[in-house]
Amino acid sequence: MEKIIIHGGRPLNGEIPVSGMKNAAVAIILAAIMTEDKCVIENLPCISDVEISLELLAERGVKIKYLNKTTVEIDSTFMRPDLKGHDDLARKMRASYYLAGALLARYGRAKVGLPGGCDFGVRPIDQHIKGFEALGAKVSVEGGNIDAVAENGLHGASVYMDVVSVGATINVMLAAVKAEGTTVIENAAHEPHVVDTANFLNACGADISGAGTDTIRIRGVRQLHGVTYAIIPDMIEAGTYLILGAATGGRLKVSNIIPKHVDSLTAKLKEMGAVLEEEDEAITVTRNGPLHKVNIKTQPYPGFPTDLNPQMCVLLCLAEGTSNLTEGVWENRFRYVEELKRMGAVIKVEGRNAVVEGVGALSAAPVRALDLRAGAAMVVAGLAAQGRTEIDEIHHIQRGYEDIITKLVSVGADIRMVSVPDNIFDKAN
Ligand code: EPU
C-alpha cells in the first residue's frame with residue numbers, strides 16, 4: 001500500500017514537461033495489432049494503464065520490447081488468434097474495450113473481458129455495440145465478456161452516435177478500417193485522441209478522413225503496415241499542472257504541450273484572473289492577486305473537459321465568490337466532493353451541478369484518491385493547503401500521471417510517496 005504525503009502551501013516555480021497522452025496511447029497500443037506487423041510507438045507515458053494495455057497484448061502472444069523508457073516496439077506478427085475471455089486485466093482499465101474493435105478488424109471476431117475504469121456511475125457501451133452490429137458483427141455480452149463475431153466479414157455502414165462518445169467513436173473507427181466499403185460515423189467525438197488514433201491508423205495505411213469533426217469517413221483497406229509513431233502530449237496532464245500553478249502561486253511553465261488542446265481551460269483561468277503566457281509548445285501560469293469565481297460546464301471537446309472537473313473544483317474553492325460547476329458528460333462525477341469537504345471546502349452538489357463557495361484556503365487533511373482525476377485534485381488541493389496532507393488509494397493516480405512525484409519535486413513541491421505495510425494500514429483504519 002502506498003500513500004502520498006504532501007506538506008503544502010508553497011508556491012511552485014519551474015518547468016513541468018508533459019508526457020504522452022494516456023487516452024491516445026491506450027487506443028493506439030491496442031490498434032497496433034491491426035497491422036499484423038511491427039510498430040514502434042514513441043512518447044508513451046510511463047503509467048499503469050499503458051502497462052496494462054501492453055500486458056493485454058502480451059498475453060495474446062504479441063512481442064513487446066521497450067526500446068527506451070517511452071518507446072515500445074509492438075510486434076503482432078505472430079499474435080495468437082485464440083480469443084481469450086474472462087480477462088482480469090481488461091477489468092483494470094476502461095480502454096480495454098478497444099481490443100474488441102481491433103480484434104474484430106484483424107480476425108473478424110473478438111472476445112474481451114468487459115472494461116473497468118473510474119467509477120462515475122453507469123458507463124454503458126451500447127454505442128460501441130451498435131456500431132459493431134451496423135458493420136455486420138453479432139455481439140453478445142455474457143459472462144463478463146464482450147463477444148463479437150462477423151461471420152460474413154465486416155461491411156461499411158452509416159453509424160449515427162446517439163451520444164458523443166470518445167470510446168465508441170474510436171472503437172467503431174478501428175472495426176471499420178479493414179471493413180469492405182465505406183463507413184461514415186456521424187455525431188463523432190472530436191477529442192484530440194480520436195484524431196491521434198486516426199492519424200496513427202492513416203500512417204499505417206488506413207483511409208480515414210474527417211477525424212476531429214462531427215463526421216468521420218473510413219474507406220476500408222485490405223491491409224495495414226507497421227510504422228513508427230509518436231503519441232501527442234496529454235492535455236489533461238497539462239491542464240492539471242496549469243490548474244496547480246494557478247492554485248499554488250509562483251511561476252509554473254507547463255511544456256511539451258499543444259496549447260490549442262487546453263483552450264477551454266486557459267479561457268477559464270484567464271476569466272479567474274490568472275496570467276498566462278503562451279508559447280508554441282508551452283504555457284506559463286502566474287497569479288497576481290486573488291482568483292475570481294467562474295461558472296463552468298464540462299462538455300465533449302472542444303468544451304471544458306470532464307477530466308478536469310475535480311482539479312478545477314479545487315481552484316474554485318480557492319477563488320473569491322461562489323461558482324457553479326456543472327458536469328455535462330458523466331452521471332456521477334462529484335464523489336470527490338466529500339474528500340474536499342474534509343479539507344474545508346464548502347460545496348453543495350445537486351444532481352450534476354455543484355455550487356462551490358470560495359473559501360480562500362483549504363486545510364490539510366487525510367483524504368482518498370477515489371478515481372484518477374479525483375486523485376489528481378487531491379494532489380492539487382494538498383499542495384495548495386498549508387500543512388500535511390496524506391492521500392490514500394494512490395494507485396488511481398498512477399494510472400494516468402507519469403512520474404508525478406519527481407515532476408512536482410522538481411518545481412519545489414514537498415511531496416513524497418511512502419510505502420505502508422498493508423496490515424498497519426488496516427489497523428489504522
Ligand atoms: N456513453 C453511452 N454509451 C456508450 C458510450 C458512452 O451512453 O456506448 C455515454 C457515457 O455514459 C458518458 C458519455 O457517453 O455519459 C461519454 O462517454 P465516452 O464514451 O466519451 O467516455 P469513454 O470513452 O468511456 C473517455 C476517456 C475518459 C473521459 C471520457 C470523456 C478513455 C480511455 N477514457 O471515456 O477519461 O472521461 O472519454 O471525455 O479515453 C480519464 O482519463 O480520467 C477518463 C476517465
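These legends walk you through close-up views of a predicted model.

View 1. Start here to get your bearings: the ligand sits in the largest pocket. The elements that each give two or more residues to the shell around the ligand are α1 (22–31), α4 (126–134), α5 (166–176) and α11 (372–384). The largest share comes from α4, with three residues.

**View 2. The ligand between two domains.** Domain 1 covers 2–18 + 233–426 and domain 2 covers 22–218; because both give residues to the shell around the ligand, the ligand lies between them.

**View 3. The residues around the ligand.** Which of the 25 residues around the ligand come nearest? They are Gln127, Ser165, Val166, Asp307 and Val329. Sorted by class, the shell holds 12 nonpolar, six polar and seven charged residues.

View 4. On its own, the ligand has 830 Å² of accessible area, and the protein covers 91% of that.

**View 5. A cis peptide bond in a loop.** Now follow the chain to Tyr301 and Pro302, which are joined by a cis peptide bond with an omega of about 10°. Pro302 belongs to the loop between β17 (296–297) and α9 (309–318).

**View 6. A positive phi at Glu36.** Where does Glu36 lie? You will find Glu36 in the loop between α1 and β3 (38–42). Its backbone is worth a look: phi is positive, about 55°, although Glu36 is not a glycine.

Conventions
Residues are numbered from 1 along each chain as its sequence is written. This is a predicted model: local features need pLDDT of at least 70, side-chain atom pairs count only at pLDDT 80 or more; totals for chains, interfaces and linings use all residues. Side-chain values use heavy atoms; hydrogens and water are left out. A residue is near a molecule or strand if one of its heavy atoms lies within 4 Å of it. Accessible areas come from the Shrake-Rupley method with a 1.4 Å probe; for residues, only the protein chains shown count as cover. On a 1 Å grid over the protein atoms alone, a cavity is a set of points where a 1.4 Å probe fits but cannot get out, and a pocket is an open set with protein on both sides within 12 Å along at least five of seven lines; lining residues have an atom within 4 Å of a point. A molecule sits in a cavity or pocket if more than half of its atoms lie within 2 Å of its grid points. Helices (H or I, at least four residues) and strands (E, at least two) are DSSP runs, numbered from the N terminus. Ala, Val, Leu, Ile, Met, Phe, Trp, Tyr, Cys and Pro count as nonpolar, Asp, Glu, Lys and Arg as charged, and the others, Gly among them, as polar. Domain bounds come from an automatic or database domain assignment.
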